[in-house]
Amino acid sequence: MIHRFKSRFRERFPEWVLAIGTVAWGILALLNPQVFDQKHYYVMSLILSYPFWGVFAIGTGAVRCTALFVNGVWRSTAHIRAI
């Protein structure tokens, strides 16, 4: 099981980096709300508050990591990752 995960990890490394980066950005947004005072995030702060964006990013990244793990260990299908 672990061998199968290791063999697929290398080819899906960029997806793992993006998923973990999404979780990290969500944590940053929750722990450092001053990020949304910057002009780059101004429009996002007008749409919804920083706690929503933080929780949304953490949730999205966690679901993505789970899908990558399940897809790498049990079945090799792109359907889970595509959803």
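Reader: In what order do the elements of the protein chain run from the N terminus on?
Author: This is a predicted model. Starting at the N terminus, the order is α-α-α-α-α.

Reader: How many helices and strands is that?
Author: The protein chain has 5 helices and 0 strands.

Reader: And what share of the residues is buried?
Author: Of the 83 residues in the protein chain, 25% are buried.

Reader: Take α2. How many residues does it have, and how far does it reach?
Author: Helix α2 covers residues 13-31, which is 19 residues. From its first C-alpha to its last it reaches 27 Å, close to the 27 Å expected at 1.5 Å a residue.

Reader: Which residues of α2 are buried?
Author: Trp 16, Ala 19, Gly 26 and Ala 29 are the buried residues of α2. Looking down the axis of α2, they fall within an arc of 160°, so they line one face of the helix.

Reader: Why would residues three or four places apart in an α-helix point the same way?
Author: There are 3.6 residues a turn in an α-helix, so residues with that spacing point the same way.

Reader: Now α4. How many residues, and what reach?
Author: α4 has 24 residues. It reaches 34 Å from its first C-alpha to its last, close to the 34 Å expected at 1.5 Å a residue.

Reader: Which of the α4 residues are buried?
Author: Trp 53, Gly 54, Ala 57, Gly 61, Cys 65, Ala 67, Leu 68, Asn 71, Gly 72 and Val 73.

Reader: Pick Ala 57. Why does it count as buried?
Author: Because its relative accessibility is 7%, and buried means under 20%. Ala 57 lies in helix α4.

Reader: Switching to charges. How many salt bridges does a search of the whole structure find?
Author: The search finds 1 salt bridge. Arg 64 forms it with Glu 15, and the closest N and O atoms are 2.7 Å apart.

Reader: Where do Arg 64 and Glu 15 sit in the chain?
Author: Arg 64 is in helix α4 and Glu 15 in helix α2, 49 residues apart, and the pair links distant parts of the chain.

Reader: What does Arg 64 count as in terms of accessibility?
Author: Arg 64 counts as partly exposed, at 27% relative accessibility.

Reader: OK, aromatics. How many aromatic pairs does the structure hold?
Author: It holds 7 aromatic pairs. One of them is Trp 25 with Phe 36, an edge-to-face pair with 6.1 Å centre to centre and 70° between the planes. That pair links distant parts of the chain: Trp 25 is in helix α2, and Phe 36 is in the loop between α2 and α3, 11 residues apart.

Reader: Is Phe 36 buried or exposed?
Author: Phe 36 is buried, with a relative accessible area of 5%. Phe 36 also forms an aromatic pair with Tyr 50, a tilted one at 6.5 Å centre to centre and 35° between the planes.

Reader: What parts does the pair of Phe 36 and Tyr 50 tie together?
Author: Phe 36 lies in the loop between α2 and α3 and Tyr 50 in helix α4, so the pair ties together parts that are 14 residues apart in sequence.

Reader: Which residues form the aromatic cluster?
Author: Trp 25, Phe 36, Tyr 41 and Tyr 50 form one aromatic cluster. Within it, Trp 25 counts as partly exposed at 21% relative accessibility, and Tyr 50 counts as partly exposed at 34%.

Reader: How far apart are the C-alpha atoms of Tyr 50 and Leu 30?
Author: They are separated by 6.8 Å, and the two residues are 20 residues apart along the chain.

Reader: Last topic, the surface. Which residues form the nonpolar patch?
Author: Tyr 42, Val 43, Leu 46, Ile 47, Leu 48, Phe 52 and Phe 56, with about 710 Å² of accessible area together.

Reader: Which helices supply at least two residues of the patch each?
Author: α3 (42-47) and α4 (50-73). The largest share, 4 residues, comes from α3.

Reader: And Val 43, buried or exposed?
Author: Val 43 is found in helix α3, and at 55% relative accessibility it counts as exposed.

Key: Residues are numbered from 1 along each chain as its sequence is written. This is a predicted model: local features need pLDDT of at least 70, side-chain atom pairs count only at pLDDT 80 or more; totals for chains, interfaces and linings use all residues. Side-chain values use heavy atoms; hydrogens and water are left out. Patches are made of residues with over 30% relative accessible area and no salt bridge: like charges are joined within 9 Å, nonpolar side chains (Val, Leu, Ile, Met, Phe, Trp, Tyr) within 5 Å. Accessible areas come from the Shrake-Rupley method with a 1.4 Å probe; for residues, only the protein chains shown count as cover. A salt bridge is a side-chain nitrogen of Lys or Arg within 4 Å of a carboxyl oxygen of Asp or Glu. Buried means under 20% relative accessible area, exposed over 50%, partly exposed in between (1.4 Å probe, protein chains only). The expected span of a helix is 1.5 Å times one less than its number of residues. The arc is that of the directions from the helix axis to the C-beta atoms. Rings of Phe, Tyr and Trp (its six-membered ring) pair if their centres lie within 6.5 Å; planes under 30 degrees apart count as stacked, over 60 as edge-to-face and the rest as tilted.
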